[in-house]
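Me: I have a model open and want to go through it piece by piece. Can you take some quick questions?

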Amino acid sequence: MLQTIATVVVVIVTPLLLLIWWKTPSYTADEPAPVPYTIPVLGNALGFTTYHRKFMDESSASRNGQPFSILVAGRKHYVFNNLADIVTIHKTKTLDIKNFIKMIMSNLFGMSEKEAIKFVSIKPVIHELNTKYLLTAKNNVVEASRYFTLLDEVFNVLDKDIKDSATKSVTKDGFVFVVDTQGIASVQAYFGQSLLDLNPKMLTDLTVFAGEGFWPLLSGAPAPGLLFPRPFTARERAVRNIEHWIKMVEKDESLTSPFIAARMNVLKDQGMEETVIARELFSMLFGSNANSIPTAYLALLRFLYSPSLVEDIRQELQDAGYGSLSPAEYVSLFPLGLPLLRSAFWEAIRMGSVSNTIREVLEPTELVSGDRTFKLKKGGIVTCPPCLVHMNPSLHPEPHVFKPRRFLPKELGGDGENHTKTLKPFGGGNSYCPGRVFAEKQVMGFLAEICWRYEITILDKDRFVIPDNADFHYAVKCPRALFELRLRD
Ligand code: HEM
Ligand SMILES: *[C@@H]1O[C@H](CO)[C@@H](O)[C@H](O)[C@H]1NC(C)=O
């Protein structure tokens, strides 16, 4: 008996205590003050990953809006919520995202350690490619007009379903509706219908992966296939299909977009195996949809709760000549030609806070914030949650109110706030989201089509909630709205 107890102490308790001791950080007065937690090592991980928005709000309030520190699974995170600090953080060379990208590519997307390191090493080449295809006006227009045309076709099919139905209406789960329209058209525009032909459930796989697998897989737990079979299987099926599809595209580049064709060639030139390229392309499929889909869903819910807004947007579209343009010509209107829709889109982005910017402290770093100088320790993580930045009442009066005209110029009857100056949904610095220009057209284009074509009724108003956070894995789990769609006459 005594021997058993001794063994338990030696084998389990001692290493556990050592782990707790080793992973329990101490803080100096020069670091952002820590927020308390109860479970050792795990720290604030539960709040951080599951009810992010509420957790961030409460933590920030408990520190009077000052930067603070949290512990997430044994790692110290410094949380900054001030716009000026975030700009500084993006410019500071000793705060870097490299190791985090490596972790994402290996844990989340399943590259080996070696492949992930290689991927990070060719980041500058990929950055250049992203800039060329996603951010130069000429190429951005090519992708966007492909997308508008495909979105129109997706909605035409839906219109036919509505017309053919006895009730002249269809009922859809709100989130799935966005996946099946905006998501499908985006995958068709970037990758091609050929990929969906190969795996018609590609977006279901993406949904299971992003919805159920994000934190579990990112955690790097051993044997993810056994522990998290559903998202793991969904990812591996998607990757296998993409690998097969790459071979088809090699024979016929017209099966995909100029952007993805160029991406495949660049990755190949850099010596990447097809199996690895498939994982990289799956990460691109994720990147081009996983933020946009919940962002569009949340925006749509906000719109449906503002009936006069939908009316006004229809009028704006009509005045701009939307009805007389072909879908490929819509690019001439988005975004500048539709200032009300644009303002309402940014307001929805502001309220449905999106992904954090993350940086690792590579070397001890001094960060001047207002009248304080913080000393950040090597190995810490710097986290900038847009949900805090976007709710700052000195930048956005009445931050909890959805004001569709907040970002509309004063001369057009709006509040005249400037979204470029005060919103940070796309990160910044050397990992500034390269999809940001397309994303605006992607989501605005989706919202415009909805307003133009349909009357949507939310059938279960008393049951569903508007998620307070557009992170995919969170929004997908909130009780969904059920939409009834009818054609406008
Ligand atoms: C509402 C939609 C979107 C939001 C909110 C969003 C947000 C973000 C954020 C926060 C980052 C990380 C930035 C950082 O680390 O500082 C990012 C990175 C990225 N995004 Fe987006 N994104 C959206 C749409 C898109 C789209 C449509 C595409 C592609 C067409 C895209 C492609 C990427 C890529 C490739 C990266 C990695 C950049 C790098 O590491 O260099 N995103 N996005
Ligand atoms: C908003 O701010 C950006 C960046 O500072 C600036 O380039 C742009 O002109 C401003 N827009 C308006 C309408 O003032």
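Me: Where is the place of Ala 73?
Reply: This is a predicted model. In it, Ala 73 sits in the loop between β2 and β3.

Me: And is Ala 73 exposed or partly exposed?
Reply: Partly exposed, because Ala 73 has 17 C-beta neighbours inside 10 Å, and that class lies between the limits of 12 or fewer for exposed and 20 or more for buried.

Me: Which residues does Ala 73 touch, leaving out those up to four places away in sequence?
Reply: Val 41, Leu 42, Gly 43 and Ala 45. There is also Pro 40, 33 residues apart from Ala 73 in sequence, with a C-alpha to C-alpha separation of 8.7 Å.

Me: What is the strand order in the open sheet of six strands?
Reply: The order is β1-β2-β3-β9-β6-β4, and the pairing is mixed.

Me: Which strands stand at the edges?
Reply: β1 (33-34) and β4 (95-96). Each has a single partner strand, so one side of each has no neighbour in the sheet.

Me: Switching to the ligand. How many residues surround ligand 1?
Reply: 25, the closest being Ser 288, Asn 291, Gly 427, Cys 433 and Gly 435. The elements that give two or more residues to this shell are α7 (123-135), α16 (292-304) and α21 (436-453).

Me: Which element gives the largest share?
Reply: α21, with four residues.

Me: How does the shell around ligand 1 split by class?
Reply: It has 11 nonpolar and 14 polar residues, and no charged ones.

Me: Now the packing. Which residues touch the most other members of the largest nonpolar core?
Reply: Phe 345 and Leu 447, in a core of 100 residues. That core takes at least three residues from each of domain 1 (2-115) and domain 2 (122-354 + 399-487).

Me: What does Phe 345 touch, again without residues up to four places away in sequence?
Reply: Ala 299, Val 443, Met 444 and Leu 447.

Me: Which residues are in the other core, apart from that one?
Reply: That core has 23 residues, including Ile 70, Leu 71, Val 389 and Met 391.

Methods. Residues are numbered from 1 along each chain as its sequence is written. Chains are lettered from A and ligands numbered from 1 in the order in which they are written. This is a predicted model: local features need pLDDT of at least 70, side-chain atom pairs count only at pLDDT 80 or more; totals for chains, interfaces and linings use all residues. A residue is near a molecule or strand if its C-beta atom, placed from the backbone, lies within 6 Å of it. Ala, Val, Leu, Ile, Met, Phe, Trp, Tyr, Cys and Pro count as nonpolar, Asp, Glu, Lys and Arg as charged, and the others, Gly among them, as polar. Two strands pair if DSSP finds at least two bridges between them. A nonpolar core is a set of buried Ala, Val, Leu, Ile, Met, Phe, Trp, Tyr and Cys residues joined through C-beta atoms within 7 Å. Domain bounds come from an automatic or database domain assignment. Two residues are in contact if their C-beta atoms, placed from the backbone, lie within 7 Å.
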